[in-house]
Amino acid sequence: MSFLTRKYPFPKSSHWLRDCMVYCVIVFLILYLLQPFGFSMYRGNKLLVSLLFGAVSFACCGLYGIAVNPLYKRITPWRVWHEALSVSVMVLLIGISNFFVFSFVFHYPITLVICLQFLYWTLIVSIFIAACSLSINYYRHLRNQLETLLNKTTEEQTDITVTIHDTTVRGNDLQLPINDLLYIEAQKNNVLVYYMNDGKVDHCEVHATLSAVLDDLQQYENIFQCHRSFVVNLNNITSAQGNSNGYQLKLGKAPATVPVSRTYVPKLRSFIA
C-alpha cells in the first residue's frame, strides 16, 4: 500500500498521439502477423480487419488521453495508484471496444454471460499490464533518480544550526548549519564530518561515536543512517544508483559516494514521497 501512495515520478508524455499510434501499430502487428484467437481461420481480408482493430485501439487511446490529461494537471501530486487506475481503465476501454468490433466482424453473439467473462479476464489482464509497467518504470527511475522522489526539508531548516559534540576533555564541538551537512563517516573511535564550507567540501574529525552523533541529531528526520558506518543528510542527495540490494548516493559536491546497505534500503524507501 505504501508503494501505491508514493508520488509517480514520470511526467505525462506530451506526445500522447504518438503513443496512441504506437499502441495502434502493436495491436495491428499482433493480429496480422501472429493471428491469435482463431484469427487465422478468418477467410476475409485479414489486412483490413487488422487495421480496423488497430484504428479502434487508436481511437480508445485518444479518448483516454483527452479524458485523463486534465485530471493529471488537476490532481497534485499524481500518485502511483492514480497511474495504475488510469492504465487499467485504458486497457479495459481498448478491450471492450475491440470485443464489440470482434462480435460485429465475426458475427459472434453477445450475451450477458459472455460479457461478464470478457470483463473479468480483461480486468485481470489490465491489472497485470499496469503492475508490470509501473513496477519496471518506477524502480528504474528509483534506481537512477532517487533524489527527486525524496521529501526534502531544506527550506524549513534554513536557520537551524546543529552541534556535533567532541567527547574528549579538550575537544572542540563542531557547529554548522544543518543544510551544509553532507554526511558523516565512522572511523574507529572518531567520526569524519563532511560539510559545505564557502561553496567547497570540507571535513572535520570529531572524537565521537556514530551512535552518539545520531542521538544528537535524532530530532531531524532528514538525518538518516544508511550504513553501519555512514549517516547522510537526505536533503543533499544529488544522485543515486543501485537496486534493492543497495544504493550508492552522491551528496552535494562530495567526490566520494556513500553506500546504502541492503539492510537500510526499506527504511530509505519510507522517506520517499
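**Entry 1. The chain as a whole**

I began with burial: of the 273 residues of the protein chain, 39% count as buried. Buried means under 20% relative accessible area, exposed means over 50%, and partly exposed lies in between, with a 1.4 Å probe and protein chains only. I noted that this is a predicted model, in which local features need pLDDT of at least 70, side-chain atom pairs count only at pLDDT 80 or more, and totals for chains, interfaces and linings use all residues. Residues are numbered from 1 along each chain as its sequence is written, and side-chain values use heavy atoms, with hydrogens and water left out.

I looked up the secondary structure and found six helices and 10 strands in the protein chain. These are DSSP runs numbered from the N terminus: helices are H or I with at least four residues, strands are E with at least two.

**Entry 2. Helix H3 and its end**

I took helix H3, residues 80-106. H3 has 27 residues and reaches 38 Å from its first C-alpha to its last, close to the 39 Å expected at 1.5 Å a residue. The expected span is 1.5 Å times one less than the number of residues.

Ser 103 lies in H3 and counts as buried because its relative accessibility is 7%. Leaving out residues up to four places away in sequence, Ser 103 touches Tyr 108 and Ile 110; contact means heavy atoms within 4.5 Å. After H3 comes His 107, with a positive phi near 55 degrees.

**Entry 3. Positive phi in two loops**

Most residues other than glycine have a negative phi. I looked up two residues with a positive value. Lys 188 has phi near 55 degrees and is in the loop between strand S3 (181-187) and strand S4 (190-197). Lys 188 is exposed, at a relative accessible area of 85%.

Asp 198 also has phi near 55 degrees. I found Asp 198 in the loop between S4 and strand S5 (200-206), where it is exposed at 77% relative accessibility.

**Entry 4. Cysteines**

I searched the whole structure for disulfides, meaning pairs of cysteine sulfur atoms within 2.5 Å. The search finds zero. For Cys 60, the nearest cysteine sulfur is that of Cys 61, 6.9 Å away. Cys 60 is buried at 5% relative accessible area, and Cys 61 is buried at 1%.

**Entry 5. Asn 222**

Asn 222 sits in the loop between helix H5 (210-216) and strand S6 (223-227). Is Asn 222 buried or exposed? With a relative accessible area of 5%, Asn 222 is buried. Residues touched by Asn 222, not counting those up to four places away in sequence, include Thr 153, Gln 157 and Leu 234.

**Entry 6. Aromatic rings**

I counted four aromatic pairs in the structure. Rings of Phe, Tyr and Trp (its six-membered ring) pair if their centres lie within 6.5 Å; planes under 30 degrees apart count as stacked, over 60 as edge-to-face and the rest as tilted. Phe 28 and Tyr 32 are stacked, because their ring centres are 5.6 Å apart and their planes are at 10 degrees. Both lie in helix H1 (residues 16-34), four residues apart, about one turn of the helix.

The rings of Tyr 183 and Phe 230 have centres 6.2 Å apart and planes at 45 degrees, so I listed the pair as tilted. This pair links distant parts of the chain, with Tyr 183 in strand S3 and Phe 230 in strand S7 (residues 230-233), 47 residues apart. Tyr 183 and Phe 230 are both buried. Ring pairs link Tyr 183, Tyr 194 and Phe 230 into a cluster.
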